[in-house]
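Here are my notes on the ligand site and the open spaces of this model. Please read them beside the coordinates.

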Amino acid sequence: MPTESSLPTYHFALIGEEMDHDYWRLVGEGAKDTEAQYDVLVEYGGPRRSNPEEQLKLLDIAIKSKVDGIMVQALNDDFLPMIEKAVNQGIPVITIDTDAPESPRSAYIGTDNYAAGQLAGRTLVEDTEGEATVGIITGSFDNAHHRLRVEGFQDVVEGEEGIEIVAIEESNITRVVAEEKAYTMLNEKPDITALYGTSALDGIGMAAAAESLEMVEDLYMINFDTLEENLQLVEQEKIDALIDQKPYEMGYRSVELMLDILKGQPVQDVYHTEASIVHKENIDQYKAQASEVP
Ligand code: BGC
């Protein structure tokens with residue numbers, strides 16, 4: 001059993017959206033890997049499946065356990081009072097993956113979700129040569145990052161005469177619902193020529209729906225996250241483009257940032273990690289680069 005003196009000096013809690021998800025596995029791995037480098041213990045947790053209420057409970061437990069710092073994905077406004085509670089009790093909070101800029105958090109690390117939505121929009125415009133009738137599958141209408149990814153996308157394509165968004169539905173962050181919603185959408189609006197998915201599992205659901213309807217070849221598809229399954233779908237030409245985020249880096253750097261805060265070093269308000277596009281044409285290059293970083 002470790003004695004008190006053998007325990008790391010700093011004890012942090014990282015609370016993500018869902019444990020049973022490759023994206024969050026990478027965030028957790030990044031954060032846990034800092035333990036080999038720094039005097040920290042990172043307790044990484046979250047609901048098994050997306051469940052904001054349970055996520056808030058875990059946040060409350062971390063506050064009650066008096067950890068030295070909390071990193072949390074701030075899904076929506078319900079997280080504000082809990083972030084305030086932590087800060088009022090002297091526990092600094094960093095938001096990760098999804099920001100709550102109006103909360104008293106010390107900093108945000110993650111994708112610029114609005115800019116990533118714009119990037120998706122610009123990519124769709126280029127790839128379809130400015131001609132598309134678009135359906136959107138978004139993780140959730142309530143969650144800040146998905147809303148920003150839709151807004152950024154809308155703001156770009158709005159200026160394009162040949163592009164129209166004709167439908168938008170929620171997937172509740174599950175591939176099954178993404179598939180159901182995409183299936184119904186494509187049936188009800190047969191003029192749709194392109195689908196945009198804002199959450200990691202949306203593309204898998206969209207591709208499955210397109211396959212059942214034998215529409216894969218007619219549809220342009222773009223969605224978030226370079227999960228292994230999504231990369232395979234790009235290789236099979238079922239998905240046309242992916243927006244890559246940097247979950248491992250978010251996790252790793254969030255711990256470094258928290259250490260800086262606790263040591264009284266100045267930190268920026270916002271640290272944006274990179275978002276970029278993966279097409280079939282650059283997938284080998286992408287994989288080679290990704291294998292250099294865990
Ligand atoms: C988002 C995460 C989300 C994950 C799973 C990612 O695109 O950035 O917030 O938990 O998808 O849906």
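1. Basis. This is a predicted model, in which local features need pLDDT of at least 70 and side-chain atom pairs count only at pLDDT 80 or more, while totals for chains, interfaces and linings use all residues. Residues are numbered from 1 along each chain as its sequence is written, and side-chain values use heavy atoms, with hydrogens and water left out.

2. Cavity. The structure holds one cavity of 30 Å³ or more. A cavity is a set of points, on a 1 Å grid over the protein atoms alone, where a 1.4 Å probe fits but cannot get out; lining residues have an atom within 4 Å of a point. The volume, meaning the space filled by probe spheres set on the points, is about 130 Å³ for the largest cavity. It is lined by 16 residues, with Glu17, Tyr23, Trp24, Ser199 and Ala200 the closest to its centre. α5 (144–157) and α1 (22–33) are the elements that give two or more residues to this lining, and α5 gives the most, with three. Helices here are DSSP runs (H or I) of at least four residues, and strands are runs (E) of at least two.

3. Ligand. The space taken by the ligand is the largest cavity; the criterion is that more than half of the ligand's atoms lie within 2 Å of its grid points. Around the ligand are 13 residues, of which Glu17, Trp24, Asp97, Ser199 and Asp225 come nearest, counted when a heavy atom lies within 4 Å.

4. Polar contacts (pairs of N or O atoms within 3.5 Å). A side-chain N or O atom of Trp24 is 2.6 Å from an oxygen atom of the ligand. For the side chain of Tyr23 the distance to a ligand oxygen is 3.4 Å, and a backbone N or O atom of Ala200 also lies 3.4 Å from a ligand oxygen. The protein covers 100% of the 310 Å² of accessible area that the ligand has on its own (Shrake-Rupley method, 1.4 Å probe).

5. Largest pocket. A pocket is an open set of points with protein on both sides within 12 Å along at least five of seven lines. The largest has about 680 Å³ of space and 28 lining residues, with Thr226, Asp244, Lys246, Tyr286 and Ala290 nearest its centre. α10 (283–292) supplies the largest share, six residues.

6. Second largest pocket. Its volume is about 260 Å³. Of its 20 lining residues, Asp99, Ala100, Pro101, Ala144 and Leu148 are closest to the centre. α5 gives the most to this lining, with three residues.

Note on methods
Polar contact = N/O pair within 3.5 Å; in protein donor to acceptor, adjacent residues only side chain to side chain.
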